[in-house]
Amino acid sequence: MLTRLAGGRVIDPANSRDAIGDIFIRDDRIVDAPAGGTVDETYDISNKIVMAGAIDVHSHIAGSNETMGRLVLPELRSPVDGFHPGHFARPAGTWNTFETGCTYAAMGFTTVVEPAVLPHQALQAHLELADIPIIDKATLTVLGNDDFLLNLLRRREGRAAIRDYAAWTLSTSRGLGIKVINAGGAAAFKDNLRVFSLDDEVPEYGVSSRAIVKALQEAVHELRLTHPLHVHCNNLGLAGNVETALATIEAAEHLPLHLAHLQFYGYGKEGPRGFSSAGARLAEAVNAAKSVTIDVGQVMFGQTVTISCDVLRQFNARNRARPKKWVICDGDSNGAGIVPYEYNTADFFNVVQWAVGLELFLLINDPWRVFFTTDHPNGAPFTAYPDILALLMDRDLRAKWMSRLPKEALEVTTLSSIAREYSIVDIAIMTRAAPAKLLGLKDRGHLGVGALADIAVYSPGNDKAAMFREAALVFKSGQLVVRDGTVRHAPIGRTLRADPVCENGIKARMRNYYQERYALSPEFMTVADATIGKPDPFEIVPCLN
Amino acid sequence: MAEAWIRGKSAPLEAAIVEAANIVARSRHPVIAGLGTDVAGARAAVKFARHVGGVVDHMHSDALLRDLDVMREASMMVTTPTEAHVRADFLLLVGPGLIEAWPALPERLFGKRRIIWLCPGAAAVSAGEYKNVAVLGDNPADLPAIVALLRARCAGRPVASAPVALATIDAVAAELKRARFGVAIWSAAELDRLTIEMLCGLVNDLNEGTRFSGLPLASADNAPAVQQVAGWMTGFPLRTGFGRGVPEHDPWRFEASRLIDSGEADCAVWISAYGARRPTWKRDLPLVVLTGNPSTLRTDVTITVGRPGLDHDAVEYLATTGTLAAVSARHPEAAASVASVLGKIITKLPAAPPC
């Protein structure tokens, strides 16, 4: 079966292509124009834009914490009942797995990374991911508050031991990469500490947060994983926390490091409320630190639910829940907190947060190092993406938004002074080419011959948000899945995972450790293909050479 | 080999599947209840309910939703059974039924730590079988008052009267505050909603000064796993219906027994793969039963299925870890699973109406 997408504007920055042309699809791959022979099916996409399917590097879409969010927020404004004054619209973070896959696909997304899977709960995350249709998925395995690692560091066992342990955990939990969330903070909270910063030490272990991050950064590098260590810094959300982010950027040194949802760390202490944007300062530091990549975690206004393994932060934020209910879990390593929240246009702090995100997008010069996220659902649900893309591409639209927001808040930011507009090529880099590179997915994020035929076609127009909300056509692995923003076909996707070399000694050591600490076998963590209940559920992403 | 019966008479599995499909196809409002099954069976049941516009409810939804109600109406701090195992220096056991809910509780958590049990109601505990367990309150009816008194005294508030000596309450309150990582354990099957809410409020209050968390014990028949599956597949807890094309959740509207006894539902599929649990509704209606252990229940179709984790591999909630985990069959049998039987019935049904 040969399919031709004819006459669209092909925007493929990975292959330096931006021209009117054709794309040919055979089975699940992009192929060369055939020398002769017949094309089975042609789509006329003249006057349309064609890009690779978009890739989201950080979106909380599956796992026991997400399902906890679903369970505690049953408030429903159903399409059948219409509005009930006692209820608010259902927070988007609580969508079911089917809605999640279909909504992502309708926007032209074809690969999404669930960035926080605790090793003990990996099986549930993978079961949920398998029930998300159309898109492919990947997970990041969370380390950094686990007793075993903290003990390795306390005992100064050295890099090889940490590397073996990281490989074992990643391989057991079937992750693509490793993430650290408030390194040491959850462990410290169990010992009743309520604040925890980069150079604070975890009680009992005497290990600093910095040492944990550095050790994992090196382990990821030595394991030759495609994705650098993914870091959720300390002090999320606090006034003045830009210092923590700056120190973490500095700590990256020469090795790659990815900082997640940096917007939540872009806060100074200036201004009438002691809360101000430090977005410009932070962007400058990112521009200078070439080994660092970041994603933004843009805030948008409306109801959402924050879901985080940063249990210390969620505990401290619980009394600001909107509506007033929350769940805090002291987990085996990181734990979790579910805190519903509504970002409000009249709220000084929320408006500053919104502006900081946009400042980071607009002041970080290199679209290959800044990634497009809302930290779904924490800053906003992923359905807000089209509106954010429009804000980035249109300074007049930003001015219109700002004219309706409190001046007092905007005055502690630099947003109104920024004229930059993203081009459609910048958008293609940030949402396609760059994330494929960051995750090491060679056959994704571009439209070159041999690439997986994950393709999004958009109808350009003045309303850029509308363009990105409903793709004209979306192909997943060569199959047409979306037409005019409507899902036509919902095939099962796969989950991408790394396959690091696991030294044999570590398996026996982990068995002994689990027996000693928990009086259990670590078998309960196992994620096997047969358990997932779908055919061929995983695809291996090879480690770097 | 799977065994099957149609209206009490032994029948080939294929014939029973066709008859089950006929019964469900004739129904205007089917209920898929019981749901004692593994994760694959729960996934199949939700898919089945979506296909036929039915309702999903679990046999232990009352207890499940009692804990969930506190979570979603008030708030809750919880920990895992494994973290309690390694970290807790103090356990507050609350109310009766704990060892019944989790037989491994003493073995997993009773070792070298200070334990106070409020109103255990169990003879073995009261008789001091567990050496490090101190008991407060002998009548479970006093439990709500005792929990409230502890919360009041922990907060330094005066109280008017108490079913036990105030000095005892104050001594326990002092112990709670002295704990470095305390864990309160209860079984929702035995407590009312307000007592659970009061207890969770106490736990939250204690975190002003120290660390304390909760450990609600899970209901049987894989209820927590089935609840999780419903959560991710529908976006809602159990007691969710697909009658209007989209999932809707309402703990009253979609309670299986109420739907059936009121005459709203006209057909039931009852699933009890772990054993022969029987429905609690009273009305007779067309009934398809998938069970791990056939009983004398009068049914239109009965199909025996394997017991998850015993007769076939399964994914289940483990009380010991508080997670979903794969469990290998202890005595692998060529038994049908709930997932495979529901999957076969679906293929005999008319196509689902477009939503």
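Modeller: This is a predicted model.

Colleague: Which residue of E5(B) is the bridge partner of A:Val327?

Modeller: B:Met76 is the partner of A:Val327 in that strand.

Colleague: How many residues of each chain are in contact with the other chain?

Modeller: In general, the size of an interface is often given as the accessible area lost when the parts come together. Here we have residue counts: 40 in chain A are in contact with 43 in chain B. On the chain A side, the elements that give two or more residues are helix H1 (64-72), helix H3 (122-130), strand E18 (327-330) and helix H17 (504-518). H1(A) gives the most, with 5 residues. By type, this side of chain A divides into 17 nonpolar, 14 polar and 9 charged residues.

Colleague: Now the core. Which residues touch the most other members of the largest nonpolar core?

Modeller: The general idea is that nonpolar side chains tend to be buried together in soluble globular proteins. In this model the largest nonpolar core has 305 residues, and A:Leu216 and B:Ala45 touch the most other members. Helix H11 (residues 348-363) of chain A gives the most to this core, with 10 residues. The core lies between domain 1 (4-60 + 221-347) and domain 2 (65-217) of chain B, because both give residues to it.

Colleague: What does A:Leu216 touch, not counting residues up to four places away in sequence?

Modeller: Leaving those out, A:Leu216 touches A:Leu143, A:Gly144, A:Ala166, A:Ile178, A:Val180 and A:Leu229.

Technical notes
Residues numbered from 1 in each chain as written. Chains lettered and ligands numbered in written order. Predicted model: local features only at pLDDT ≥ 70, side-chain atom pairs only at ≥ 80, totals over all residues. Contact = placed C-beta atoms within 7 Å. Helix = DSSP H or I, 4+ residues; strand = E, 2+ residues; numbered from the N terminus. Nonpolar A, V, L, I, M, F, W, Y, C, P; charged D, E, K, R; others polar. Pairing = 2+ DSSP bridges. Core = buried A, V, L, I, M, F, W, Y, C linked by C-beta atoms within 7 Å. Buried ≥ 20, exposed ≤ 12 C-beta atoms within 10 Å, placed from the backbone. Domains from an automatic or database assignment.
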